[in-house]
Amino acid sequence: MQPAANRRTFHLVLIKPTHYDDDGYPLQWLRSAIPANTLACVHGLAEEARSRNVLGPETEITIHDIDETNTRVRPNRIARMIRRDGGFGLIALVGVQSNQFPRAVDIAESFLAAGL
């Protein structure tokens with residue numbers, strides 16, 4: 001194990017976007033009836049990568065799952081979190097279906113505008 005001073009944090013942010021309703025609002029529920037299978041699968045792959053220290057023993061991988069059907073995506077908060085820990089991370093939009101593509105683009109543009 002490396003000393004704490006040499007460690008860094010890699011934030012892996014996995015976002016499963018929702019889609020817009022007929023009035024242009026993101027559809028969200030208090031609870032999702034069907035869990036996001038793709039989000040769970042990618043999270044499992046990330047857990048395996050973390051357990052094997054694929055980024056080296058000095059890097060801690062922190063995985064953040066956001067299923068937008070029941071959780072609000074807050075790009076500014078996510079950007080601050082990544083910057084606070086040195087700006088080392090990846091934001092991934094996972095399991096995007098064609099009806100979710102416009103929402104995924106809007107989310108991506110928010111992160112691009114924030115410099116990520």
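What follows is a chat about the terms and what stands behind them.

Modeller: First the ground rules: this is a predicted model, where local features need pLDDT of at least 70, side-chain atom pairs count only at pLDDT 80 or more, and totals for chains, interfaces and linings use all residues. Residues are numbered from 1 along each chain as its sequence is written, and side-chain values use heavy atoms, with hydrogens and water left out.

Biologist: Why is Ile-63 called buried?

Modeller: Buried means under 20% relative accessible area, exposed means over 50%, and partly exposed is in between (1.4 Å probe, protein chains only). Ile-63 has 14%, so it counts as buried. This residue sits in strand E2. Its C-alpha atom is 6.1 Å from that of Val-13, though Ile-63 and Val-13 are 50 residues apart along the chain. Of the chain's 116 residues, 33% count as buried.

Biologist: And Arg-80, buried or exposed?

Modeller: Its relative accessibility is 52%, so Arg-80 counts as exposed. You'll find Arg-80 in helix H2, residues 75-84.

Biologist: What makes Glu-47 and Arg-50 a salt bridge?

Modeller: The rule asks for a side-chain nitrogen of Lys or Arg within 4 Å of a carboxyl oxygen of Asp or Glu. In the Glu-47 and Arg-50 pair, the closest N and O atoms are 2.6 Å apart, so by the rule the pair is a salt bridge. The idea behind it is that side chains of opposite charge can pair when their charged atoms come close. Glu-47 and Arg-50 are both in helix H1 (residues 37-51), three residues apart, which is about one turn of the helix. Glu-47 has a relative accessible area of 30%, so it is partly exposed. Arg-50 is partly exposed too, also at 30%.

Biologist: How many salt bridges does that rule give?

Modeller: The count comes to four. One of them joins the side chains of Arg-103 and Glu-68, at 2.5 Å from N to O. Arg-103 lies in helix H3 (residues 101-113) and Glu-68 in the loop between E2 and H2, so this pair ties together parts that are 35 residues apart in sequence. Both Arg-103 and Glu-68 are buried.

Biologist: How do you know that Asp-85 and Arg-84 make a salt bridge?

Modeller: Their closest N and O atoms are 3.5 Å apart, and the rule's limit is 4 Å, so the pair counts. Asp-85 is partly exposed because its relative accessibility is 28%. Arg-84, at 62%, counts as exposed.

Biologist: Why is the link between Thr-69 and Asp-67 called a polar contact?

Modeller: A polar contact is a pair of N or O atoms within 3.5 Å; within protein, one must be able to donate a hydrogen and the other to accept it, and residues adjacent in sequence count only if both atoms are side-chain atoms. The side chains of Thr-69 and Asp-67 make such a contact at 2.8 Å. Thr-69 belongs to the loop between strand E2 (59-67) and H2. With a relative accessible area of 15%, Thr-69 is buried.

Terms used. Helix = DSSP H or I, 4+ residues; strand = E, 2+ residues; numbered from the N terminus.
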